[in-house]
Amino acid sequence: MITREALTGMILAGGQGRRMGGRDKGLEPFAGRPLVAHVRERLAGRVAEVLINANRNVERYRPLADRVVSDAEGGYQGPLMGIYSGLKAASTPWLIVTPCDTPALPLDLVERLVAGIGEKEGEHDIAVAFDGERLHPVVALIRTSLADDLAAALAEGERKIDRWYARHVWCRVHVSDCPDAFANLNTDDEKARLERVLGEAARAARVNP
């Protein structure tokens, strides 16, 4: 079994936020806190270290992570570059990656990914979240020893996460019981809708514990 000490968690917040008018998505307010703070709750205490991959507003991110890691190469080259930067920065055998704009990820996400690799740990290098219909490649558990292979793929011009995963032995981890877990927030309307949905769910839980 992969232990807490063998895990680094990293939140991907290094994008340009184009669909939000160029705003830094990880710092967008959601239910009274930055989006990235909600995602951090899914990692803190369950991994040896929490990293945030950020390419701007680094000082604002520092209080929310053990370390802030910028892309190894500039130019906003996409999430695969962020993943590579995390694999290089991690001091553990495994890295869990999550996006910064999914505040409804299950609180036991780490445990689910670890259990998903489970007994296959010796033969699988990557575990990817699956909602029953679609894979979510930016929610994954990745062996950090793949860093050099990813460096070679990036040097060849690869920028598609799923194509890089296909070079390795990977498995799906079902997270189909959480319908809003992978809701990406790219607009203010999407953010407001998910705030309402989660708020109603929290109120219902208090009434019917």
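Guide: Start with a pair of helices. The crossing of H3 and H5 is left-handed. Keep in mind that this is a predicted model.

Visitor: How do H3 (residues 79-89) and H5 (residues 147-155) lie relative to each other?

Guide: Their axes come within 9 Å and cross at roughly 150°. Angles over 145 degrees count as roughly antiparallel. That makes H3 roughly antiparallel to H5.

Visitor: Which residues meet in this contact of H3 and H5?

Guide: From H3 come Leu80, Met81, Ile83, Tyr84, Leu87 and Lys88. From H5 come Ala147, Asp148, Leu150, Ala151 and Leu154. They divide into nine nonpolar, no polar and two charged. Lys and Asp count as charged.

Visitor: Why is strand S1 called largely enclosed?

Guide: Buried means under 20% relative accessible area. Six of the six residues of S1 (residues 7-12) are buried, so the strand is largely enclosed by the rest of the structure. Leu7, Gly9 and Ile11 point one way, Thr8, Met10 and Leu12 the other way. Both sets are buried.

Visitor: How do you know that S1 pairs with S6 and with S4?

Guide: Pairing needs at least two bridges. S1 and S6 (residues 94-99) have six, in the parallel sense. S1 and S4 (residues 49-53) have five, also parallel. Met10 shows both sides: it stands opposite Val97 in S6, and its bridge partner in S4 is Leu51.

Visitor: What makes S5 and S9 edge strands?

Guide: Look at the order. Seven strands form an open sheet, S5-S4-S1-S6-S8-S7-S9, with mixed pairing. S5 (67-69) and S9 (170-174) each have a single partner strand, so one side of each is left without a neighbour in the sheet. Neighbouring strands are turned by 25° against each other on average, direction ignored.

Visitor: How many bridges hold S5 to S4?

Guide: Three, in the parallel sense. One of the bridge pairs is Asn53 with Val69 in S5.

Visitor: How do you know that H3 packs on the sheet?

Guide: Contact means heavy atoms within 4.5 Å. H3 touches S1, S4, S5, S6 and S8. Its direction makes about 150° with that of S1. H4 (residues 109-117) packs on the sheet too, touching S1, S6, S7, S8 and S9.

Technical notes
Residues are numbered from 1 along each chain as its sequence is written. This is a predicted model: local features need pLDDT of at least 70, side-chain atom pairs count only at pLDDT 80 or more; totals for chains, interfaces and linings use all residues. Side-chain values use heavy atoms; hydrogens and water are left out. Buried means under 20% relative accessible area, exposed over 50%, partly exposed in between (1.4 Å probe, protein chains only). Helices (H or I, at least four residues) and strands (E, at least two) are DSSP runs, numbered from the N terminus. Axes are lines fitted to C-alpha atoms, for helices over the stretch in contact, and angles run from 0 to 180 degrees between N-to-C directions. Angles under 35 degrees count as roughly parallel, over 145 as roughly antiparallel, 65 to 115 as roughly perpendicular and the rest as oblique. A crossing is left-handed if the near helix is turned anticlockwise from the far one by less than a right angle, and right-handed if clockwise.
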